[in-house]
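Colleague: Could you take one buried spot in this model and give me a close look at it, then work outwards to the chains around it? I'd be glad of the cut-offs as you go.

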Amino acid sequence: MPVVNARNLRKQYGPSEVVAGLDLSLASGACHGLLGPNGAGKTTTLKMLLGLIEPDGGEIRVLDLPVPSLARQARVRIGVVPQMDNLDPDFSVTENLLTYGRYFGLKDAAIRDRIPSLLDFAGLNSRAESRIQTLSGGMKRRLTLARALVNDPDVIFLDEPTTGLDPQARHVIWQGLRKLLSRGKTILLTTHFMDEAERLCDRLTIIDRGRSIAEGSPRELIATHIESDVVELYGEDASGWGRQEGMLHADRIEEAGETVFCYTRHPRPLLDALKDRPDLKYLHRPANLEDVFLKLTGRELRD
Amino acid sequence: MSGQFRFPRLSLRFIPVWRRNFLVWKKLALPSILGNLADPMLYMLGLGFGLGSLLPDIDGMSYLTFLGAGTVAYSTMNSATFETLYSGFSRMHVQKTWEAILNTPLELDDVLMGEWLWAASKSLLSGLAILAVIWILGLQADWALSLWLIPLAFLIGLCFSGMGLVMTAISPSYDFFMYYFTLVITPMVLLCGVFYPVSQLPLMLQTLSAWLPLSHAIDIARPLVRGVIPVNWIGHASVLLLWGLCSFWLALGLTRRRLLE
């Protein structure tokens, strides 16, 4: 039985349909990614799953409870890491965890018993009494993640968990999430970082304009939706060469600014042809999730 | 849309919200008490002795006693207002504390209830502080009767906390609160009989004053200090309670619309 099951979810704001018939199903113990450009409806979807926004249509069950009617009971067993840190700046690290645990109806003694392991998980043992303002961005994120675990949830929702973090801090968060998965937790995360999705997620749903446009494991998505190899061409004549020679050897080309992307399942002829043009710079690489994402959602900016 | 103004869903889950604010207050208790107490007390003592020495008794009270009763109500109102406006807005909009709480089993109804009762509790302390000054100076005529100022202060707190939460719910920024002070709180202070009897005002202003909740608070507070049971206290208390309940309900609806749409 899926941990989260949403069918034909809809939400309209004025004339625009932010979520337009989305289906979503989370298997127990898996990490599920919700991938989409800005404004695709990711955060709105999360809020509907939490019962914070009432959908205009569709059905939601979370941990076998109907949402929003029994959202309160469902939230007892959900942990949430929001997009923006909203730790309590008036409190120390420990007080943040204690206060948050009380919202779940936990007794102070029970929370205090859990705090050492939460601090351990967040790598904040030595900062238990620190004020929030003195923590780095990465520490705050880790504390936010630890705070989401104060109720020992079965499922954890993370809204862009590593946005704004440096590479070191992102890796620490990813390690933490893997640890949670190994403990059998179910994770739903939204992101627009392809490497994050590729590394962590067992399943991905790519959404755009409130609809699911592709679903599968990262590998399946790459295998199904895109050619295996990409040759990126740069330089003054890249565009001209790409349109003539490139078209002959590649399955498909795309242009973005000064760069030409040649997608192909057989890169050899293309690379051979490039030998005659030492003035063109190129990069040959396997296709990745970002290529899939850009193919499916387009290259124009979303603001 | 109309669903946002449905009846509040009551539960005891508001208690952790109250405790959260209490914990913050405890950390800053000393400056907070000083801030709450010093300003109204200086007004009361300065004007009470300074101006009072030039004035005849009012309704059989010294001016200091007259002003003391008004200050209990006025100080409580101020405290409730500041807590729900500035602190409330910062928790809702700047720190996103309410958003964090809404991801837990609490609902917005619990959050607002916690904030409402917290602000009323905190303002009760401000009222108590002035009451303590009254006791120390021995201004009260009947000690037992003056104890009724304690529940009265809580009621005043509920009334003005509710009104403050309405402003917080619709405010785009801290600057917006200036309107509320200029258009609501200042008229309340100057027209409701804190510093002089309402009967000294022109008839038109007296009529306006009768509509303002602080008048009703002072109509109860002043007789209590003077040692008589207030005339029609049930009516006055009901007005305060009604203002509190209605504005809480309105604030909840407006905040639901703001945060849950």
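Modeller: Happy to! Let's start at Leu98(A), which is buried with a relative accessible area of 5%; buried means under 20%, exposed over 50% and partly exposed in between, with a 1.4 Å probe and protein chains only. This is a predicted model, in which local features need pLDDT of at least 70 and side-chain atom pairs count only at pLDDT 80 or more, while totals for chains, interfaces and linings use all residues. Residues are numbered from 1 along each chain as its sequence is written, chains are lettered from A and ligands numbered from 1 in the order in which they are written, and side-chain values use heavy atoms, with hydrogens and water left out.

Leu98(A) sits in helix H3 of chain A; helices (H or I, at least four residues) and strands (E, at least two) are DSSP runs, numbered from the N terminus. Leaving aside residues up to four places away in sequence, Leu98(A) touches Asp108(A), Ile111(A), Arg112(A) and Ile115(A), where a contact means heavy atoms within 4.5 Å. Take Ile111(A) from that set: Leu98(A) and Ile111(A) are 13 residues apart in sequence, and their C-alpha atoms are 6.1 Å apart.

Helix H3 (93-103) of chain A is one of the elements against which the buried residues of H1(B) pack; the others are helix H2 (29-51), helix H3 (63-94), helix H4 (97-102) and helix H5 (108-137) of chain B. Those buried residues of H1(B) are Pro16(B), Val17(B), Arg20(B), Asn21(B), Leu23(B), Val24(B) and Trp25(B). An α-helix has 3.6 residues a turn, so residues three or four places apart point the same way. The length of H1(B) works out too: its 13 residues (15-27) should span 18 Å at 1.5 Å a residue, and the end C-alpha atoms are 19 Å apart, which agrees; the expected span is 1.5 Å times one less than the number of residues.

Stepping back to chain B, we find 11 helices and 0 strands. Its radius of gyration is 19 Å, close to the 18 Å that the globule rule gives for 261 residues, so chain B is as compact as a globular protein of that length; the radius is taken over C-alpha atoms, and the rule is 2.2 Å times the number of residues to the power 0.38. Buried residues make up 55% of chain B, and its C-alpha atoms fill a box of roughly 60 × 40 × 35 Å along the principal axes.

Two loops of chain B deserve a glance at their backbone. Asp59(B), between H2 and H3 of chain B, has a positive phi of about 45° although it is not a glycine, and counts as exposed at 51% relative accessibility. Lys96(B), in the loop between H3 and H4 of chain B, has a positive phi near 55° and counts as partly exposed at 28%.

Back in chain A, there are 11 helices and 14 strands, and 54% of the 303 residues count as buried. The C-alpha box is roughly 75 × 45 × 35 Å along the principal axes. Do look as well at the cis peptide bond between Val67(A) and Pro68(A), with omega about 10°; Pro68(A) lies in the loop between strand S5 (65-67) and helix H2 (71-75) of chain A.
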